[in-house]
Amino acid sequence: MSFLELSQPSAQQTPRTRFRPGPRWAGLAALAFTSWVQAGPAAAPALPAPEDPWAFNLTAYIWTSGVKGNFSAGPTSQSVDASFIDINNKSRQFPLGFMGRFGAHYGRFGFYLDGNYMSLRFKPKFGDISNGIDSDLGVMDYGLAYRVLGPSAAELPATLANKGNANWLEAYAGARTLWLDNSVDFKTPFGNPLNGPRSFSASKSFTSPVLGARFMVGFSPEWFVLVDGNFGGFGAGGVQFTGSLLGTVGYRTTILDMPTSIELGYKALRYNIDKGGPIQTNATLNGPFVGLTGYW
């Protein structure tokens, strides 16, 4: 046998071949991976973005508030500690009030305006001296808000329709303007017409910054809890402190083809203003809250 015959492989031997993947194999692998991903669990469908980023709401509410605190009118002051029923019984007229809140949202940004006006006519502790102290209170809250978590106001209807997570958190910064008018009328002292009746009145408005947060937790597409809390004052504008807290349980429905919610809860407002001044007032108002909100 020659050297050439020994160097050639026999027909029974199989030469070893090393696998070297080329571009063609890489393309097939990528195609297989894509098919596997598409065959996997389907992701939750994304909600379409609303065509109109604007959303509005208007709340008309009744706040049957009690009062506890001290009210001053010039050199005269009076302490009051009464529930709404007590105020109604002790007042010389039914407590008058106008209350409402308006909100406008564009995407995650919003603007709010919340106004209250109450007129209280307290009966005097000593009927032969004065006609009692009168207090007119106006509260206006306004500022800018930002939706930190959850769907925007415009996305909320679609989220509820798809039974998605409708919980949201909003932070806001603004101002609170308090307008207060306290007055007291004294009767003619001891029936002497020469002295004549005397009256004291003090009226002033106070504006201070306010910081707060507002959040909603939905238990179903219909039922939810809404909480709103804020504080401010910081000594600015003669306001030593002011703060409010609102907690409600709400139910969503439709009235005249307009999305609507009904809220029942409790609200408290505290303010300490004009310390050492002629209209110094340190009072807390708190009581049941009933609201009706329309959305569009």
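Let me start with strand S2, residues 66-73, which runs antiparallel to S12 and is joined to S12 by six bridges. Strands here are DSSP runs of E, at least two residues long, numbered from the N terminus. Two strands count as paired if DSSP finds at least two bridges between them. In this pairing, Gly66 stands opposite Asn286 in S12.

A word on the source: this is a predicted model, in which local features need pLDDT of at least 70 and side-chain atom pairs count only at pLDDT 80 or more, while totals for chains, interfaces and linings use all residues. Residues are numbered from 1 along each chain as its sequence is written, and side-chain values use heavy atoms, with hydrogens and water left out.

Back to S12. Strand S11, residues 258-273, is antiparallel to S12, with 14 bridges between them. Here the bridge partner of Ala268 is Asn286 in S12. Strand S1, residues 54-63, also pairs with S12, residues 281-295, in the antiparallel sense, over seven bridges. Ala60 has Leu292 of S12 as its bridge partner.

Next, the surface. Ile62, Ile255, Leu256, Ile262, Leu264, Val290 and Leu292 form a nonpolar patch with about 690 Å² of accessible area together. The elements giving two or more residues to that patch are S11 and S12. Patch residues have over 30% relative accessible area and no salt bridge, and nonpolar side chains are joined within 5 Å. The areas come from the Shrake-Rupley method with a 1.4 Å probe, only the protein chains shown counting as cover for residues. A salt bridge means a side-chain nitrogen of Lys or Arg within 4 Å of a carboxyl oxygen of Asp or Glu.

Buried means under 20%, exposed over 50%, and partly exposed in between. Asn57, in strand S1, is buried at 16%. Contact meaning heavy atoms within 4.5 Å, Asn57 touches, among others beyond four places in sequence, Arg101, Phe102, His105 and Trp296.

Note on methods:
Helix = DSSP H or I, 4+ residues; strand = E, 2+ residues; numbered from the N terminus. Patch = residues over 30% accessible without salt bridge, like charges linked within 9 Å, V, L, I, M, F, W, Y side chains within 5 Å. Buried < 20%, exposed > 50% of the residue type's maximum accessible area, 1.4 Å probe, protein only.
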